Amino acid sequence: MIHGEIHQNVRQYINGRWETSATTGVSVNPSDTSEVVAEYARADRRQADIAIRAATEAFAHWSHSTPQRRADVLDRIGAELLARKDDLGLLLAREEGKTLPEAVAEVARAGQVFKFFAGEAIRGGAGSGGGENLASVRAGVQIDVTREPVGVVGVITPWNSPFVIPAWKIAPALAHGNSVVFKPAELVPACGWALAEIISRAALPAGTFNLLMGSGREVGQALVDSPLVDALSFTGSAANGERVLQAVGLRRAKVQLETGGKNALVVLADADLDRAVDCAVQGAYFSAGQRCTASSRLIVESAVHDAFVAKLRQRLKALTIGHALERGVDIGPVADEERLAQNLAWVGIARNEGAEHVWGGEALERATTGHYMSPALFLAKPAHRIAREEIFGPLACVLRADDYDEALALCNDTPFGLCAGICTNSLKHAMHFRRHAVVGMTMVNLPTAGVDFHVPFGGRKGSGYGPREQGRHAAEFYTTVKTGYMLA
Ligand code: NAD
């Protein structure tokens with residue numbers, strides 16, 4: 001396989017300038033670990049403080065910019081992402097390991113997110129004139145309720161969707177008149193930098209948007225701790241989310257978390273079994289299972305349990321696992337060596353706790369040295385760790401349920417609550433499930449992974465905290481409400 005371009009100019013973007021740092025790092029291609037994708041600058045706390053101060057100063061101007069100006073900036077960013085989805089998709093596939101079609105689709109979605117919030121800046125953005133006008137209970141007094149920008153927003157993101165997750169935080173933050181300091185995950189600096197490079201040419205005032213690449217412990221923590229960061233939007237693991245929540249909450253800044261999932265796909269006896277297997281394969285294994293919305297628990301009604309497992313096993317056997325850029329590959333590598341080792345350790349845990357092995361779970365060798373593994377399927381009991389803890393890799397388990405009621409109880413028997421799906425032809429059960437699954441998103445006869453860009457995204461219980469992301473509901477987090485009284 002021929003190696004692609006090495007990105008060597010991957011620097012911080014602080015106060016409208018590209019800056020080097022005292023230390024550097026590299027990102028490598030998980031499909032071919034001999035290929036360096038980027039050499040990047042690693043920021044420290046001093047640079048983080050400079051970026052945060054620049055964002056604070058820029059806020060004074062940007063928060064009073066016109067809705068049209070904000071819309072123009074976001075529209076321009078969205079248009080470039082859409083126009084360059086192929087070359088940026090290639091970068092994403094090389095740095096994170098998603099297959100090329102998955103990566104191109106993610107970049108396109110990031111473009112659509114910016115386009116959506118370009119419209120939102122005018123339709124419902126802070127300062128766009130929306131809000132409520134009410135009569136007071138007192139004679140002659142008028143009230144209006146309006147939204148204003150919050151201030152400096154810290155954006156901390158994971159590696160698994162390095163274009164679209166930053167997009168769905170940065171776009172609404174800017175649309176509503178906030179300034180931004182963005183810290184991407186360490187595995188994917190070039191994707192964060194490529195997005196920042198597009199934003200840097202969109203005619204924003206210096207300091208309105210800043211990029212800091214570096215460690216969570218130093219740079220992420222600087223955003224969490226700084227009294228100048230007014231709102232912090234974090235997507236990542238539940239454990240880090242908990243730390244962020246405690247620290248940001250304690251200093252009374254706004255905080256929004258999107259953390260892990262242990263999502264269920266329920267398959268009832270009356271389901272179209274081929275469609276259900278399709279939903280399971282897509283939801284549990286595509287993007288190597290590295291999606292917070294992945295269906296890692298397949299809860300199947302006894303009457304179709306064995307038939308479902310047999311069909312799913314057949315499908316898993318037929319999947320092609322390989323280099324993310326190769327045509328016809330269904331599943332790319334997992335993101336790095338540590339994740340591969342963790343996933344294989346989960347296979348060991350599953351075997352040790354007595355789960356019945358159905359398929360896969362082995363490290364694979366390919367023409368290039370990469371982090372490849374076969375998708376794994378086990379039959380588990382509800383108490384097994386593989387049925388309770390987030391794995392974030394291509395491993396799913398099947399749980400048997402006697403009937404719909406037991407399936408729903410199993411679905412809700414988890415500390416997480418991001419999304420849940422059901423495959424059924426019963427309108428009664430579908431409607432009941434939509435109301436009673438304790439999650440933020442439900443899917444009927446659809447995979448749990450794969451969502452739209454213009455509607456709320458997020459979860460309940462251990463999967464999230466604070467207002468939802470995306471769509472019009474994003475205003476809840478990226479604005480603050482002001483109530484004005486006036487004697488008429
Ligand atoms: P992670 O928690 O290791 O890292 C996420 C981000 O937090 C990174 O940028 C990291 O550098 C930073 N970070 C780490 N320690 C920090 C600290 N002390 N202070 C501030 N920032 C810190 O998560 P990950 O491994 O990158 O991503 C995988 C996790 O993300 C999974 O648990 C997955 O479920 C979750 N995720 C959730 C959603 C969702 O919307 N619910 C979406 C995608 C991923």
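The crossing of helices H3 and H4 is right-handed. This comes from a predicted model. H3 covers residues 85-96 and H4 covers residues 100-123. Their axes come within 8 Å and cross at roughly 125°.

On the H3 side, the contact is made by Lys85, Asp86, Leu88, Gly89, Leu90, Leu92 and Ala93. H4 contributes Leu100, Ala103, Val104, Glu106, Val107 and Ala108. Sorted by class, the residues of this contact are nine nonpolar, one polar and three charged.

A second pair of helices can be read in the same way. Helix H9 spans residues 273-285, and helix H10 spans residues 302-318. The axes of H9 and H10 come within 10 Å, with a crossing angle of roughly 55°. Angles under 35 degrees would count as roughly parallel, so H9 and H10 are oblique to each other. H9 passes H10 in a right-handed crossing.

The residues of H9 in the contact are Leu273, Asp274, Ala276, Val277, Asp278, Ala280, Val281 and Tyr285. From H10 come Val304, Ala307, Phe308, Lys311, Leu312, Arg315 and Leu316. This contact has eleven nonpolar and four charged residues, and no polar ones.

The next part to find is a sheet. In general, strands of a sheet pair through backbone hydrogen bonds, either parallel or antiparallel. Here, three strands form an open sheet in the order E6-E7-E25, and the pairing is antiparallel. Strand E6 (132-135) and strand E25 (479-487) are the edge strands, each pairing on one side only. Neighbouring strands of this sheet are turned by 20° against each other on average, direction ignored.

Four bridges join E6 to E7, and the two strands run antiparallel. In this pairing, Glu132 stands opposite Val145 in E7. E6 and E7 form a hairpin with five residues between them. Gly140, in the turn, has a positive phi of about 80°.

Now follow strand E7, residues 141-149, to its other partner. E7 and E25 pair in the antiparallel sense over nine bridges. Within this pairing, Arg147 stands opposite Val481 in E25.

Note on methods
Residues are numbered from 1 along each chain as its sequence is written. This is a predicted model: local features need pLDDT of at least 70, side-chain atom pairs count only at pLDDT 80 or more; totals for chains, interfaces and linings use all residues. Side-chain values use heavy atoms; hydrogens and water are left out. Two strands pair if DSSP finds at least two bridges between them. Axes are lines fitted to C-alpha atoms, for helices over the stretch in contact, and angles run from 0 to 180 degrees between N-to-C directions. Angles under 35 degrees count as roughly parallel, over 145 as roughly antiparallel, 65 to 115 as roughly perpendicular and the rest as oblique. A crossing is left-handed if the near helix is turned anticlockwise from the far one by less than a right angle, and right-handed if clockwise. Contact means heavy atoms within 4.5 Å. Ala, Val, Leu, Ile, Met, Phe, Trp, Tyr, Cys and Pro count as nonpolar, Asp, Glu, Lys and Arg as charged, and the others, Gly among them, as polar.
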